[in-house]
Amino acid sequence: MSMEASELQDLSDDADYAASQQQGSASMMRCDSEKRSSSSEHEGAELIYTKDNVAIHPTQFASERISGRLKLTKQDSVLFLSWIPYKGEIPNAKLSDKDRSLYTITAVPFTEVRSIKRHTPALGWQYIIVVLSSGLAFAPLYFYSGGVREFLAIVKQHVFLARSAEDTNVLLVNDFQSPLQRTLSSLELPSSLPVASGQSTYPSDGGGSSNDNRISILSQYGLRKQKSHDPTRDLSIHLLEKFSLVTKFARETTTQLFSENNGFGSIDKRRNNQPVHSYPEKLSNIAEEKHHESSHSYPETDRLDNEEISNDIDVPADPLEFNNLSLVWGKPRQSPMGREEFTAFLDSEGRVVDSKALRKRVFYGGIEHQLRTEVWPFLLGYHAYDSTYAEREYHRSVKKKEYEDLKLQWKSISAEQAKRFTKYRERKGLIDKDVVRTDRAFEYYEGDDNLNVNIMRDILLTYSFYNFDLGYCQGMSDYLSPIMFVMEDESESFWCFVALMERLGPNFNRDQNGMHTQLFALSKLVELLDTPLHNYFKQNDCLNYFFCFRWILIQFKREFEYEKTMLLWEVLWTHYLSEHFHLYVCVAILKRCRSKIMGDQMDFDTLLKFINELSGHIDLDSTVRDAEALCICAGENGAASIPPGTPPSLPLDDGILYPQDDDIL
């Protein structure tokens, strides 16, 4: 299309242009101008994207357009949109500088954007219309030299875009059918905890941990205390800021997540129509059977009840008498399993003779660090328990070749191919951004040009090609980091990560069904094991249990020190008492804090802040013992509360492991 034609084009028949005029763009601009009159470009903001020759048409005639520069900037993890008209360029005398300033868009945060309407005709100009949450819209932004797809691709890297069901050309910004998806899109995970984070303030069983000497081991394997001024720790500050942006979304749709039509309304009746006994009756029966098995109790001084509670709130009693002898059936933690003990589980050819006994031993004590490289592949399912030494060696060699072939799929992409491969560029950009801030406080990953950071990037890129449907999502690097640290081999780390993602990949599904089912199951377990606490959450708009989202998403990686995270993970991977033992860990922590939560009358925001401040202050041994006791106590009723296929159970065979929406770009 020639410039002469473009100067004369009449836009009066453009439906989107007309609609934008009818919505009252002028009044919107006036309102926006007043709202932002004192606003200026944010100092210190990171420039993400610029596009020149983006124009606004105040009238239907193209000759009266106002050209300018479109920018995306980011500050404190919030993306901003700006459009600034060029200075000193007035192609038409009818438009004054004042007219042009009326259309200036100055640093609009995407938290205020409701949707983006795109128009990308085969012939003619591309444009977008940005609609705010208030319903008002900016004038259409015309991309005279194209580039709408590129713009949306950049936006998509920083906020979640979902195609509207009513109009496929409308992209909803951070608008999901559940609060969980909204939150995941705006949640940027900070670096993990330091190796040592001070004395635990979490209420424990009062006994000294048999595993306190584990942390000293880490200094031998490349981990050390976090630096006092490590910049990665600053990310944790942003976390609560992120939560402050999303809590209102979670509250708005609390009832949606657990409504009757959520598909899980009859979980207790699904399994062979088993009768559901009253819980107090079940508790008393089990207590009589188990009482003699335990000689340990949680001291009264360990309860949170001794903390000051505002207004002398009468906290409902714990129906399980959590701090009394009748419930504490969790066995004392043991020292980690060593090589000699592990060898005793193997026959002469290297087969694990009794896998259940091995898993039980790991469940109660964990594994010495030097031995993890041999045992973790069994727990993760990479090696079969009945495989021999020779079979495992052959398996490793075959898988190494397979990994190298997979890696070549993206290593062989040329620069010219990459220009035409949007999905690859997006994923690579996200991975590049995440790996440089994953556990960088640890010596194993610290420093510029760290080889292990580069290997992590390569593994994640390869996985995004291996599992193209799922791709890469923020949080995956958190799972890979300890695996790499333990395995110290690129191929072995990749396949162990693949095995883990077979179970936990649904945590990262775009439809978030994996997280939905886990949070739903958690709500049912709390209702079963502590009805007063569950009712408190219900009365205070906390029934979505979103405050446990981070715990479940990356399985407590942010809550414990690095070594203790590895210990907890190997306990969870045993699936000794339950595949869903991590949910009982959640319940155990909540029950330890119930008096504080209810006594202080915490609302959703306060509770979310409180839960996140527990990070680094939870005693792992006592928590695992509590979770074990709760799991035993819940029994069949607890298992019946968890929907089939809930992660980390292997996905149900529905033909699609990772359902994804169509590409919106």
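**Figure 1. Contacts across the whole chain.** Of the contacts with a separation of 6 or more, 76% join residues 24 or more positions apart. Contact means heavy atoms within 4.5 Å. The model is predicted, so local features need pLDDT of at least 70, side-chain atom pairs count only at pLDDT 80 or more, and totals for chains, interfaces and linings use all residues. Residues are numbered from 1 along each chain as its sequence is written, and side-chain values use heavy atoms, with hydrogens and water left out. The chain has 27 helices and nine strands. These are DSSP runs, numbered from the N terminus: helices are H or I with at least four residues, strands are E with at least two. The chain has 665 residues, and 55% of them are buried. Buried means under 20% relative accessible area, exposed over 50%, and partly exposed in between (1.4 Å probe, protein chains only).

**Figure 2. Helix α20 packs with helix α24.** Two packed helices are described by the angle between their axes and the distance between the axes. Here α20 spans residues 513-529 and α24 spans residues 581-592. Their axes lie 10 Å apart, at an angle of about 50°. Axes are lines fitted to C-alpha atoms, for helices over the stretch in contact, and angles run from 0 to 180 degrees between N-to-C directions. The two helices, α20 and α24, are therefore oblique to each other. Angles under 35 degrees count as roughly parallel, over 145 as roughly antiparallel, 65 to 115 as roughly perpendicular, and the rest as oblique. On the α20 side, the contact includes Gln518, Leu522 and Leu529. On the α24 side, His582, Tyr584 and Lys591 are among the residues that take part.

**Figure 3. Aspartate 541 has a positive phi.** Most residues other than glycine have a negative phi, and most peptide bonds are trans. Aspartate 541 is not a glycine, yet its phi is about 55°. It sits in the loop between α21 (531-539) and α22 (549-553). Aspartate 541 is partly exposed, at 42% relative accessible area.

**Figure 4. Glutamine 601 also has a positive phi.** Its phi is about 50°. The loop between α25 (594-599) and α26 (604-613) holds glutamine 601. Glutamine 601 is partly exposed, with 43% relative accessibility.

Figure 5. Proline 648 lies in the segment after α27 (620-640).
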